[in-house]
Amino acid sequence: MYKPTIGMEIHVELKTAGKMFSPAPNEFSDKPNINVSFIDVALPGTLPKLNYQAVELALKAALAFNCKINQKMHFDRKSYFYLDLPKGYQITQYTTPIGYDGYVMIETDEGEKKIAIERIHIEEDTCKSIHEEEKTYLDYNRAGIPLIEIVTKPVIKNAQEAMAYLTKVREILRYLDVSDVKMEEGSMRCEANVSVSKTKKLGEKVEIKNVGSISYVGVAIDYEINRQIDILTSGGIVKPQTRRYVENKKATELLREKEAQNDYRYFPEPDLALIEISDDKIAKIQNIMPQLPDQLRQKYREVGINEPTIKALLSSKDLVLFFEEIYEEKTALVAAKYLISGVLKYLNKHNLCLSETRLGADDYKALINYKVAGELNDQQVQEVLIALLEGKGSLDENIAQIKDSNVDDEAEILEIIDEILAVNQEQVAAYKKGNDRMLKYFMGQIMQKTKGKVNPQKAQKLLLSRLS
Amino acid sequence: MQVKKDKVRYVSKLCKIDIEDNIDKYYEEFTAIMESVNKILDAEVDKDILIVPNQNTNRFYEGIHTDKVNKIFAKVENGYHVFRRWKND
Amino acid sequence: MVIMCLEGGKMTNLLDLELIKIHELLKEGKIKPIDLVEECAQRIAASDLNAFINLDFEGARAQARALENKKVDNILFGIPIAIKDNIVTKGLATTCASKVLADYVSPFDAKVIEKLKEKNMIIVGKTNMDEFAMGGTGETSYFGPTKNPLNKAMSPGGSSSGSAAAVAGGLVPLALGSDTGGSIREPAAFCGLVGLNPTYGRVSRYGLIAFGSSLDQIGPLSRRVIENAHLFAAINGECQNDTTTASEKPFVVSDIENGKKYRIAVPNFCLTKVINADVVSVFLACLDKIKAAGHQVDFVELPYMKYAIPLYQVIALAEASSNLARFDGIKYGYQASQYDNYDDYVTKTRTIGFGTEVKRRIMVGTYLLSSENVDVYYKKALQVRRELSDEIRLAFQQYDLIVTPATVSTSLILGKDRNPNEIFLQDLLAIPFSMSGHPSLVMPVDKVDNNPIGLQIAGRYYDEKTIYAFALELEKNVRGDESV
């Protein structure tokens with residue numbers, strides 16, 4: 001029985017103002033060679049300048065992935081020739097990655113699993129090259145954009161785990177706000193190293209590069225595992241290769257054979273000062289660290305929010321931040337419910353994000369309090385919510401309007417109750433024999449008759465007085 | 001450590017310098033320098049490495065600015081720095 | 001004393017005057033910057049030293065004219081200067097004496113150039129050098145060797161060959177060189193000049209085309225010690241574009257204190273057989289003068305100095321192999337015209353673009369960093385570097401200065417085939433201070449058969465002021481009031 005072993009390498013573009021080692025803007029641009037400095041094209045005489053913001057973001061990520069921190073670190077040069085590498089070497093971290101020995105918890109069919117992170121290091125991106133028929137076009141906008149590379153140990157057992165891991169990493173990075181983590185735009189790119197073996201000794205590994213989405217990673221890994229097993233069972237040998245995923249074939253294909261061992265000639269970068277990360281700095285970063293999805297998930301479970309609601313909440317960072325802003329243990333259940341059934345539904349329907357609506361946190365909190373106090377019914381909450389999302393009137397105005405149209409007069413409510421009881425004698429008899437469910441039936445009738453514009457608690461009180 | 005001629009060839013490929021026309025001369029000079037370099041192997045050491053003398057730490061920059069460097073490229077098409085494409089790439 | 005001639009009402013031989021005299025004449029309005037520029041132009045035109053690769057007299061004249069309306073506000077105002085051709089200058093080609101950069105024009109000025117321009121110095125041209133500063137005689141230049149003005153059959157030393165020759169030959173009063181393992185100090189010694197390799201981190205390397213990044217420093221070449229100090233003061237200081245520069249308070253000439261007595265260490269290593277007997281005897285005579293002047297001189301043991309050459313070969317060549325990787329013909333510089341693919345293109349560009357010495361050094365450096373060698377050689381070298389640096393630092397706890405001969409011998413004859421190690425050997429005594437990052441200055445102390453012999457004076461980190469103070473006193477002592 002062949003067992004697959006998978007290690008993942010994820011490159012993530014950091015959301016900084018400037019590039020890793022130059023002051024050119026780190027911005028996406030449709031126009032080539034716009035965000036480029038002398039440093040990015042390696043003009044003779046230029047020297048790298050270290051962007052502090054990038055170090056801070058990388059530190060934040062390393063801490064979030066439970067890494068140990070190299071508090072004395074330096075950069076190294078990784079040398080190879082390629083036309084997208086302006087200096088002939090890439091500045092990266094080889095011997096002192098900012099973070100090492102970390103982990104991420106993922107959920108699998110067999111429960112929670114710890115994915116060991118070997119290292120997280122900082123490096124610079126290469127330039128973009130576009131090959132056409134007769135020409136090669138170079139765009140240095142990407143050259144020097146700060147990246148972190150997150151490398152796992154070879155501990156992933158199958159495609160599902162790989163996808164769960166990627167999803168979790170993306171979720172964490174999004175919460176940390178260190179990156180856009182958009183795989184389709186290349187701000188998150190992943191490579192999977194896949195091998196299969198019958199024994200404890202790992203098989204020859206094949207690298208799958210730059211797959212465009214998390215689900216494709218799953219397909220690519222499954223394909224690759226099967227390909228390798230097929231080769232081995234038919235008596236062949238798996239060659240160390242770099243392969244790429246081809247979407248329309250749902251298959252991997254050969255990109256290049258790996259040469260014996262790439263001789264990258266790493267040595268410490270002498271153009272950059274050493275970096276010391278103080279205990280103080282680490283404490284400061286930890287203080288501003290947002291609550292991560294796992295912590296939130298735990299908290300929401302404890303107050304009894306159901307799993308689908310938790311999942312829906314955590315899938316949108318905007319939503320969960322909004323939720324956290326108004327979070328109170330005693331109203332959490334109701335607040336969560338209307339965020340999903342009201343707000344999220346509205347957002348999805350109109351293809352909006354929360355910040356594009358007029359809904360304020362204070363108003364939402366007050367609205368939920370009305371509901372919890374029993375002053376509004378479900379339908380009314382939904383109506384006010386839509387009004388608030390669309391910016392139609394203030395909360396007070398909306399509430400006043402509902403109260404105006406409410407059937408509030410006791411005599412009027414009693415009149416309606418009497419009408420209902422009169423035409424439902426059978427049910428009244430059943431109730432009197434002890435069938436409590438009938439109460440719900442009568443309440444439903446009342447709500448229908450008043451089009452929901454009655455305070456349910458008040459109505460029930462009056463109903464009970466009539467039935468007794 | 002004795003250097004083999006194949007190693008010199010390997011290194012020349014690694015740094016993209018073609019020395020085949022003069023391999024013997026390069027090999028001889030290479031060996032001569034390595035003879036001198038090898039003397040460092042005798043040195044007794046028990047200290048940590050020194051990357052840059054007089055080391056400063058934590059030197060960073062803040063802020064951004066743009067240098068538009070388009071003009072330094074000789075061959076620009078639609079903003080791209082452009083090359084004739086290599087046959088075998 | 002220099003005789004100033006008056007020809008048709010115009011003063012000539014201004015360039016032979018001391019800097020302070022030129023400054024006074026400018027200040028008094030007796031001469032104008034353009035007079036200095038014209039004299040430079042005449043002398044360079046008449047010179048056969050091959051000291052310059054590119055000249056910019058059009059720019060220099062325009063600048064000189066523009067300065068006529070400005071106040072002479074500092075001692076370097078209006079003074080022509082020559083710049084080693086590995087320091088980039090906006091609009092004026094910077095070639096590194098290599099075919100690979102033969103037509104390269106930088107779109108920006110090096111930090112030191114900005115600083116010289118702030119002082120209103122006039123850049124007249126870019127000086128010849130060993131290709132990419134790799135060499136010790138100037139002979140590896142793509143543009144041919146530079147001659148020593150004191151004896152044209154001899155090398156002016158290297159790699160700052162043209163800068164030294166231009167100053168020693170009276171073509172310019174001052175020049176900038178760069179030093180990785182003696183590239184300012186050796187030519188200073190061979191041309192009878194004063195040359196400073198500043199503390200590592202004193203002078204911004206932004207705009208210096210890198211050779212060995214952890215060793216490279218830009219420094220001044222001059223005829224007199226005080227002139228050297230003025231130029232150093234102008235170029236030193238922290239730089240936002242070079243994160244290896246020091247935040248130390250910059251050196252100013254008024255920091256130099258006179259009349260102090262110093263404790264001076266002399267490494268026993270200076271008397272080893274490798275060093276030419278003439279050089280040793282001049283050195284010992286010089287030590288006697290120093291002692292006679294009331295300074296304390298002790299011989300000390302610095303055992304790691306003997307690893308200077310292999311140490312330099314490992315660190316400088318490894319760094320060089322990486323620093324020169326950017327010359328691939330993709331972005332700038334020489335481009336091969338016939339090629340099959342990327343690999344072929346880069347290989348042809350580099351094979352044709354680089355000279356033999358550069359190729360050899362890149363290969364050795366690449367070898368030293370490749371696969372298993374990085375631990376055997378490179379890591380070992382970084383450890384030896386720490387041992388040597390600590391040893392020197394320790395010596396500076398007890399001594400104010402360390403003095404040694406500048407070079408192993410006197411100047412070398414041009415056009416001779418040499419063992420590739422021979423050139424490295426000249427820098428045996430310069431390299432230790434490059435490795436530890438300590439400042440050191442070379443100044444002329446005597447001549448043998450008309451070949452100058454220099455003394456190297458090293459000081460504590462950022463303590464160039466003590467080196468200058470001592471050198472000023474010694475200059476007076478050995479040269480009296482006599483001028484060049």
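Predicted model: local features only at pLDDT ≥ 70, side-chain atom pairs only at ≥ 80, totals over all residues.
# A walk through three chains

Find C:Gly353 in helix α10 of chain C, which covers residues 342-353. Is C:Gly353 buried or exposed? C:Gly353 is buried, because 24 other C-beta atoms lie within 10 Å, and the cut-off for a buried residue is 20 or more. Now look for C:Ile392. In sequence, C:Gly353 and C:Ile392 are 39 residues apart. In space, their C-alpha atoms are 39 Å apart.

Move to chain A and its strands. Strand β6 of chain A spans residues 99-108, and strand β7 of chain A spans residues 111-124. The two run antiparallel, and nine bridges join them. One pair to find is A:Ile106 and its bridge partner in β7(A), A:Lys113. What links β6(A) to β7(A)? A hairpin does, through two residues.

β7(A) has another partner. Strand β10 of chain A, residues 146-152, pairs with β7(A) over seven bridges. This pairing is antiparallel too. Here A:Glu123 stands opposite A:Leu147 of β10(A).

Next come two helices of chain A. Helix α10 covers residues 378-389, and helix α11 covers residues 395-404. They pack at an angle of about 145°, with axes 10 Å apart. The crossing of α10(A) past α11(A) is right-handed. On the α10(A) side, the contact is made by A:Gln380, A:Val384, A:Ala387 and A:Leu388. On the α11(A) side, A:Leu395, A:Asn398, A:Ile399 and A:Ile402 take part. Sorted by class, this contact has six nonpolar residues, two polar ones and no charged ones.

Stay with A:Val384, which lies in helix α10 of chain A. A:Val384 counts as buried because 26 other C-beta atoms lie within 10 Å. Which residues does A:Val384 touch, not counting those up to four places away in sequence? They are A:Leu367, A:Asn398 and A:Ile399. Compare the position of A:Pro290. A:Val384 and A:Pro290 are 94 residues apart in sequence, and their C-alpha atoms are 31 Å apart in space.

Now for the nonpolar cores. In soluble globular proteins, nonpolar side chains tend to be buried together. The largest nonpolar core in this model holds 252 residues. Five of them touch the most other members: A:Ala58, A:Ala162, C:Ile81, C:Leu311 and C:Val314. Which helix gives the most to this core? Helix α9 of chain C, residues 308-323, gives ten residues. Leaving aside neighbours within four places in sequence, A:Ala58 is in contact with A:Leu14, A:Ile98, A:Ile120, A:Ile122 and A:Ile148. There is also a second, separate core of 26 residues. Among its members are A:Leu319, A:Leu359, A:Val381 and A:Leu389.

Finish where chain B meets chain C. Chain B brings 36 residues to the contact, and chain C brings 52 residues. On the chain B side, the elements that give two or more residues are α1 (5-14) and α2 (23-37) of chain B. The largest share, seven residues, comes from α2(B). How do the residues on the side of chain B that touches chain C divide by class? There are 22 nonpolar, five polar and nine charged residues.

Terms used. Residues numbered from 1 in each chain as written. Chains lettered and ligands numbered in written order. Axes fitted to C-alpha atoms, helices over the stretch in contact; angles between N-to-C directions. Helix = DSSP H or I, 4+ residues; strand = E, 2+ residues; numbered from the N terminus. Left-handed = near helix turned anticlockwise from the far one by under 90°. Contact = placed C-beta atoms within 7 Å. Nonpolar A, V, L, I, M, F, W, Y, C, P; charged D, E, K, R; others polar. Pairing = 2+ DSSP bridges. Buried ≥ 20, exposed ≤ 12 C-beta atoms within 10 Å, placed from the backbone. Core = buried A, V, L, I, M, F, W, Y, C linked by C-beta atoms within 7 Å.
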